[in-house]
Amino acid sequence: MKARVHVMLKNGVLDPQGEAVRHALGALGFDKVEGVRQGKVIDLDLAEGATEADVTAMCEKLLANTVIESYSIEMA
Amino acid sequence: MKAAVVVFPGSNCDRDLAVAFEQAGFDVSMVWHKDSALPEGVDIVGVPGGFSYGDYLRCGAIAAQSPICKAVIDHADRGGYAIGVCNGFQILTETGVLPGALLRNAGLKYICRTVNLKVATSESVFTQGYNAGDVIGVPIAHHDGNYFADTETIKALHDQDRVAFTYEENPNGSVADIAGILSENRRVLGMMPHPERAADEGHGGTDGAAVFRALAGMVTAA
């Protein structure tokens with residue numbers, strides 16, 4: 001079983017990498033980009049029986065720093 | 001007086017920090033990241049700069065989960081003294097010993113140069129060797145030194161006089177120009193600039209030496 005965790009900087013936290021990507025897209029002529037936020041995707045291979053609650057605990061303890069980041073979990 | 005300096009895979013300022021402690025009169029032991037206890041009678045723990053665990057996931061995130069960090073957290077919880085410099089500051093925020101987090105520099109570049117810091121408070125064992133308002137030259141060397149905390153935390157840091165150092169010219173986007181902060185009990189200091197790299201004539205400046213001199217004789221084991 002698999003889980004996919006998306007980790008993003010929280011709204012209101014400056015994302016200088018996303019800003020740099022936005023500028024670069026603008027320089028390439030993509031003038032309809034109004035904002036870019038960059039995050040991480042973490043894929044987990046899990047043993048049978050692992051639950052979303054387990055993945056939530058992983059996010060809270062390690063995968064995300066909840067001072068600055070939010071996360072979402074997709075179980076598959 | 002005993003100091004312990006933690007060594008992680010990827011630490012690169014551990015020896016500089018050890019020498020700065022030694023020059024201030026401490027007996028220093030180096031402690032490996034896999035150790036689960038600090039040496040008996042340690043008065044202060046130094047968490048050094050570097051790139052612990054290759055900065056994987058987030059700077060300091062993996063180090064914060066290491067066996068020795070549990071011992072460092074226990075030491076701080078007991079009221080023990082600790083100083084985290086650069087990656088050490090990042091690690092102490094990841095463990096929750098200090099509030100906030102260090103983000104990528106606003107200008108996205110790694111910055112390595114001496115900057116001017118203002119001593120924001122002299123009310124701590126770390127900063128009592130200065131007068132509040134003193135301006136000192138201390139090197140920075142970081143890519144992720146952009147201090148961030150929510151507005152309530154920043155207000156609490158200011159209200160409780162827990163900002164230790166601020167940048168005279170903000171190099172990295174840190175909120176409120178914050179370069180270093182103190183824990184609530186004022187016994188843990190985290191700072192991005194490197195006082196241990198400005199602690200000897202050979203460094204080209206000794207403005208950071210007062211941090212270590214002031215510690216000597218003031219800290220006691222917890």
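Predicted model: local features only at pLDDT ≥ 70, side-chain atom pairs only at ≥ 80, totals over all residues.
Chain B has an open sheet of nine strands with mixed pairing, in the order β2-β1-β3-β4-β11-β10-β9-β6-β7. At the edges stand β2, residues 27–32, and β7, residues 135–142; each has a single partner strand, so one side of each lacks a neighbour in the sheet. From one strand to the next, the twist averages 20°.

Now β4 of chain B. Towards β3(B) there are four bridges, and these two strands run parallel; B:I44 has B:Y81 as its bridge partner in β4(B). Together with α2(B), the two strands form a right-handed β-α-β unit. Towards β11(B) there are again four bridges, also parallel, and here B:A82 is partnered by B:V188. β11(B) is joined to β10(B) as well, by three bridges, but that pair runs antiparallel, with B:L182 opposite B:L189.

How many residues of β4(B) are buried? Five of the five, so the strand is largely enclosed by the rest of the structure. By face, B:Y81, B:I83 and B:V85 lie on one side, B:A82 and B:G84 on the other, and all are buried.

Last, helix α3 of chain B, residues 87–95. Nine of its nine residues are buried, among them B:F89, B:I91 and B:L92, but also B:Q90 and B:E94. What do they pack against? The elements are β3, α2, β4, β5 and β11 of chain B. Just after the helix, B:G96 takes a positive phi of about 85°.

Terms used. Residues numbered from 1 in each chain as written. Chains lettered and ligands numbered in written order. Buried ≥ 20, exposed ≤ 12 C-beta atoms within 10 Å, placed from the backbone. Contact = placed C-beta atoms within 7 Å. Pairing = 2+ DSSP bridges. Axes fitted to C-alpha atoms, helices over the stretch in contact; angles between N-to-C directions. Right-handed = clockwise from strand over helix to strand, strands pointing away.
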